[in-house]
Every structure is written in structure tokens, then in C-alpha cells.
Amino acid sequence: MSRIAFAPAKINLFLHVGAPGGDGYHPLCSLMAFADVGDRVVLHEADSLSVRVHGPFGGMLAGEGDNLVLRAARALLARARGPQPLVGLSLEKLLPVAAGLGGGSSDAGAALRLMRAALGVQVDDVELEAIAASLGADGAACLWGRPVLAQGRGELLTPAPQMPTIEAVLVNPRVEVSTPAVYRAFDALGEFGDVAPPPMPAAFESVEELAAWLGMMRNDLQVPAVGLAPEVGDVLATLSEERETLIARMSGSGATCFAICASDIEADALAARVDALRPDWWTVRCRLGGPWPDA
């Protein structure tokens, strides 16, 4: 028995963050899309439930015994009736860690979808989403991997406007950025954003229209992240200076940034040039949208 689920990279096209409440959590409003690049989760026979991690970025999770994939699997199996199945999971880690791409949440979502389908666990979509949401702010959105507007702590989801296929380039300077540290720096600045959903059309007719609209939005965590990791600012400056870039922005709390391009030819050219200029960076050509098929 072996089945595979795709765990796409999450991209915050914009991310507005408000002042923390009494519980310390920050309300947010974010338009999320998902890339056709990501990690892969494989279900296989095993003597006991465990997660094997491998791939280019697998070493960054070494020693992390209780990761989100394992927690997701345990939460789902706790709802299964009858004897526990003898299965394990393998995670091929193709995305950088601590990168603003929702990797752990997307991996957990892929594990939940995969195990429910393969094992026939009687959990409906609402309950599955509740499990995903309990694992982190991006959990509910990353479960399905389709474009959404996320509010609250990230668990309140509404469908995104219709968008064209977005040709894009992802760039990470290969530095880890701590989300708690970024939020502490954000709080110290005291420049909290408005988290009311901005007016938006029912559909964006072109990628140029989308990029122009996104230019009026922001990522409120970008300034504090650049303060903690100047390499993020280097990536943004490099992308912004290239002629193919319609808009460049950081995703999540960093350190990955994205550039939106008008066509596949321009995105190919941008990715190739950045890779040649900075071979020490992680540069990936992708499309943004979703959901993407498992493979």
C-alpha cells in the first residue's frame, strides 16, 4: 500500500495584521494562493505510526520528533474506529523550513487528506478542517490548498475572487526567520494594520490587474522581517529591479519572497537570471492558484 499527497507552498499575496488582543493573538486578513511546487507526503505500511523525513530540506527538521505531520496523523487516527492501521508516513521536504510558505501546515493537510481517503476514516470535511485549524493559523487554508481570503487567526475562510493563472518566481535567501521574533519586532514598531477585508472585485480579468490591485495592499510583517534578516530586503530589491516583475513581496513572516510576472516566458527569464546572479539563493519558477492535483 502506498499513496501520495501533494503539499503545496502557501503564498500570502497580501497580509494585513492587526494589534494583538488580550489573548496575545493578532487578527489578520490575507489573500492566499498556492503554488504548484511543494512537499510530498507518502503513506506506506509500517509497524507503528511514524514520519520519515527526507529530501533537500529534510535535514532542517532533524530531531523534530513531534512535527505537524505526526500530530495531524495522531489526531485523525484518534477518531478512527476499530484497530489502529499499521501505517507510517514519509515526508519529502522540498520546501525551505521557516520560510513563510506554510510548509508544516500544508504537510499536515496533505497527511489528513491522504489518510482519510486511504484508510476510510469517517470524518467529514468540517471535522477535518477543524483538526487542521487546531494545528496552526494556516492549517485550515492549507488543508484544501485553494485560493482563499483568511481572517481571524487564519481560520475564517471565504472564497477568493476568481484569478487568472499567476506566473511567478519564488526566492528564498536560505535564511530561517523566526515567526515569533518577527511578531515581537512587529509589536515593538506599534504600526498595526487595518484587518477589514479590502474592497475587491468578484474576478480579476488579468494578471496585470491583479498585480496593480496588490500594489495597494501590503504585508505588514515585511518591514520587521527585513529588520531581522536583511537578506530578505536583498531579495526584494533584486526582484523589484528586474523588468519582468510586476510586483514583488514577501510571503507570510518570511523569508521567501515572490515576484509576479505577466507571462510564462517572462517568469522563466526572471527565474533563470536570478538563479545566475545568486546561485546561493533558492529560486523556483512556479504558478500560483490551486488546488493542484496530488502527484
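Two residues are in contact when they have heavy atoms within 4.5 Å of each other. Keep that rule in mind as you look through the views below. This is a predicted model, in which local features need pLDDT of at least 70 and side-chain atom pairs count only at pLDDT 80 or more, while totals for chains, interfaces and linings use all residues. Residues are numbered from 1 along each chain as its sequence is written, and side-chain values use heavy atoms, with hydrogens and water left out.

**View 1. Phe 192 and its contacts.** Leaving out residues up to four places away in sequence, Phe 192 touches Val 17, Gly 18, Ala 19, Pro 20, Phe 186 and Asp 187. You can find Phe 192 in the loop between helix H5 and helix H6 (207–214); helices here are DSSP runs of H or I with at least four residues, strands are runs of E with at least two, and both are numbered from the N terminus. The cut-offs are under 20% for buried and over 50% for exposed, with partly exposed in between, using a 1.4 Å probe and protein chains only. Leu 221 is 29 residues away along the chain, and its C-alpha atom is 9.8 Å from that of Phe 192.

**View 2. The two domains.** The domain assignment gives domain 1 (3–159) and domain 2 (166–289), with bounds that come from an automatic or database assignment. Their C-alpha centres lie 22 Å apart. In the contact between them, 35 residues come from domain 1 and 42 residues from domain 2.

**View 3. The largest pocket.** Where does the largest pocket lie? Both domain 1 and domain 2 give residues to its lining, so the pocket lies between them. A pocket is found on a 1 Å grid over the protein atoms alone, as an open set of points where a 1.4 Å probe fits, with protein on both sides within 12 Å along at least five of seven lines; lining residues have an atom within 4 Å of a point. The volume of the largest pocket is about 1,200 Å³, counted as the space filled by probe spheres set on grid points that are joined across faces, edges and corners. Its lining has 45 residues, and Ser 105, Ala 137, Asp 138, Thr 179 and Ser 253 lie nearest the centre. The elements giving two or more residues to this lining are strand E1 (2–17), strand E2 (28–45), helix H1 (68–77), helix H2 (103–119) and helix H5 (179–189). H2 supplies the largest share, four residues. By type, the lining has 20 nonpolar, 16 polar and nine charged residues. Here Ala, Val, Leu, Ile, Met, Phe, Trp, Tyr, Cys and Pro count as nonpolar, Asp, Glu, Lys and Arg as charged, and the others, Gly among them, as polar.

**View 4. A stretch listed by UniProt.** An unreviewed UniProt entry lists a "binding site" whose residues include Pro 96, Ala 98, Gly 103 and Ser 106; such annotations may be inferred rather than shown by experiment, feature names are shortened, and positions follow the numbering used here. From this set, the pocket lining takes in residues including Pro 96, Ala 98, Gly 103 and Ser 105. Ala 98 sits in the loop between strand E4 (87–92) and H2, and is partly exposed at 33% relative accessibility. Although Ala 98 is not a glycine, it has a positive phi of about 55°. Beyond its neighbours within four places in sequence, Ala 98 is in contact with Val 175, Glu 176, Val 177, Gly 254 and Ala 255. Gly 103, in helix H2, is buried, with a relative accessible area of 11%.

**View 5. Two cis peptide bonds.** The bond from Gly 254 to Ala 255 is cis, with omega near 15°. Ala 255 belongs to the loop between strand E8 (245–250) and strand E9 (257–261). Another cis peptide bond joins Gly 290 and Pro 291, with omega about -5°, and Pro 291 is in the segment after strand E10 (282–289).

**View 6. Met 216 in its loop.** Look for Met 216 between H6 and helix H7 (222–228). Met 216 is exposed, with a relative accessible area of 60%. Its C-alpha atom is 50 Å from that of Arg 81, which is 135 residues away along the chain.
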